[in-house]
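Colleague: I am new to reading models of this kind, so please take me through this one slowly and tell me what each term stands for.

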Amino acid sequence: MPLGLLRRRSSQATRGAAGLTLPVPPGAGALVREVLDPVNQPMGAAEVTVTELRSHRVAARGTTDPYGYFMAVLPPGAYSLLIVAEGLEPHRESVEIVPDAGPAPERVWLRSARQLELPVPGTWLFDPPHTAIRFIAKHVGMAHVHGRFERFEGGLQVAQDVTESRVHVRIDASSINTGNNTRDTHLRSADFLDVERFPHIDFTSHRFAYRGGSKWTLQGTLTMHGVSRSVALDTTYLGTVNGGYGEELRCAALAKAELHREDYTLNWRTMLARGIAVVGPTVQLELDVQAMYRTHDTPTPPE
């Protein structure tokens, strides 16, 4: 398993040192970032997410230490790095991890959050190759379970008044993937998601609430296992850009929420009585979304 490591510095001299002591197993590589704020001070408690580009699986996640450092030991490959701090502009970059490469710290300066250009009114559709729906749950009495849904569709209808915009997401419940076939079969069964009776998980927003900077709350309804509950998605808006296939207009956002399984009649006590120790009572849901602006002449990206 990839390991996210946070390193604390004990002195100013140590923080400035070019050589860092970090054990790297043979064949692995290291990712090291020193994160600074707009006035060149260490940025502690910034949220860092490292995602494998090929699978969209979160490889490492954590926060910078009080001296602004984040370190992770990772398998070789291509990754996306996202650093987010309240009131500052998110930092995103692509990273190539090279095997047997020692930790070489790189500095990242987070800039003051500017008022990001909001998406233009109209229809925006999710781009599945660049969108991921992930979750983290506590395995009963053990470590965390990381999973994702492989098939989904959705988009947003942006209104002239952005707070009146709407988002809809439909997830194919049977596409759940935690990397363990036995567990995934249990999750699809009538003991849990019951995908034969409830093939879809749906989220529909009712209102966008602006919280300042790049932060929004999407208030809406999540329907799962035949039960609908109000949910608030804590959302970081990442802006718009012209890029990708056909240089189409895109927008991006990262949304998170904590779900309680018993709100959806998924009773863990019953599951334990049947000997199915799958996941704990709470689930952290994350939507890492890119959406494309659609018009009659927008090119369709390849599969």
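Modeller: The domain bounds used here come from an automatic or database domain assignment. The model is predicted, so local features need pLDDT of at least 70 and side-chain atom pairs count only at pLDDT 80 or more, while totals for chains, interfaces and linings use all residues. Residues are numbered from 1 along each chain as its sequence is written, and side-chain values use heavy atoms, with hydrogens and water left out.

Colleague: Between which domains does the largest pocket lie?

Modeller: A pocket is an open set of points on a 1 Å grid over the protein atoms alone, where a 1.4 Å probe fits and protein lies on both sides within 12 Å along at least five of seven lines, and its lining residues have an atom within 4 Å of a point. For the largest pocket, residues of both domains belong to the lining, so the pocket lies between domain 1 (29-112) and domain 2 (122-293).

Colleague: Which element gives the most residues to the lining of the largest pocket?

Modeller: The lining has 32 residues, and Ser80, Arg92, Leu238, Ala252 and Gln290 are the ones nearest the centre of the pocket. Among the elements that give two or more residues are β3 (47-52), β6 (77-84), β7 and β18 (249-260), where strands (E, at least two residues) and helices (H or I, at least four) are DSSP runs numbered from the N terminus. With 5 residues, the element that gives the most is β17.

Colleague: Which side chain makes a polar contact of 2.9 Å with that of Glu93?

Modeller: Glu93 sits in strand β7 (residues 91-97), and it is buried because its relative accessible area is 19%. A polar contact is a pair of N or O atoms within 3.5 Å; within protein, one must be able to donate a hydrogen and the other to accept it, and residues adjacent in sequence count only if both atoms are side-chain atoms. The side chain of Glu93 is joined in this way to Arg33 at 3.2 Å, whereas its partner at 2.9 Å is the side chain of His91.

Colleague: Why does Thr131 count as buried?

Modeller: Thr131 lies in the loop between β9 (122-126) and β10, and beyond its neighbours within four places in sequence it is in contact (heavy atoms within 4.5 Å) with Phe126, Phe152, Asp288, Val289 and Gln290. A polar atom of its side chain is 3.0 Å from the backbone oxygen of Asp127, and a polar atom of that side chain is 3.1 Å from the backbone oxygen of Gln290. Thr131 counts as buried because its relative accessibility is 3%.

Colleague: What is the relative accessibility of Asp194?

Modeller: Asp194 is in the loop between α2 (181-188) and β15 (200-212), and it has a positive phi, near 50°, in a residue other than glycine. His56, in the loop between β3 and β4 (58-63), is not a glycine and has a positive phi of about 65°. His56 is partly exposed at 23% relative accessible area, whereas Asp194 counts as buried, with a relative accessibility of 7%.

Conventions: Buried means under 20% relative accessible area, exposed over 50%, partly exposed in between (1.4 Å probe, protein chains only).
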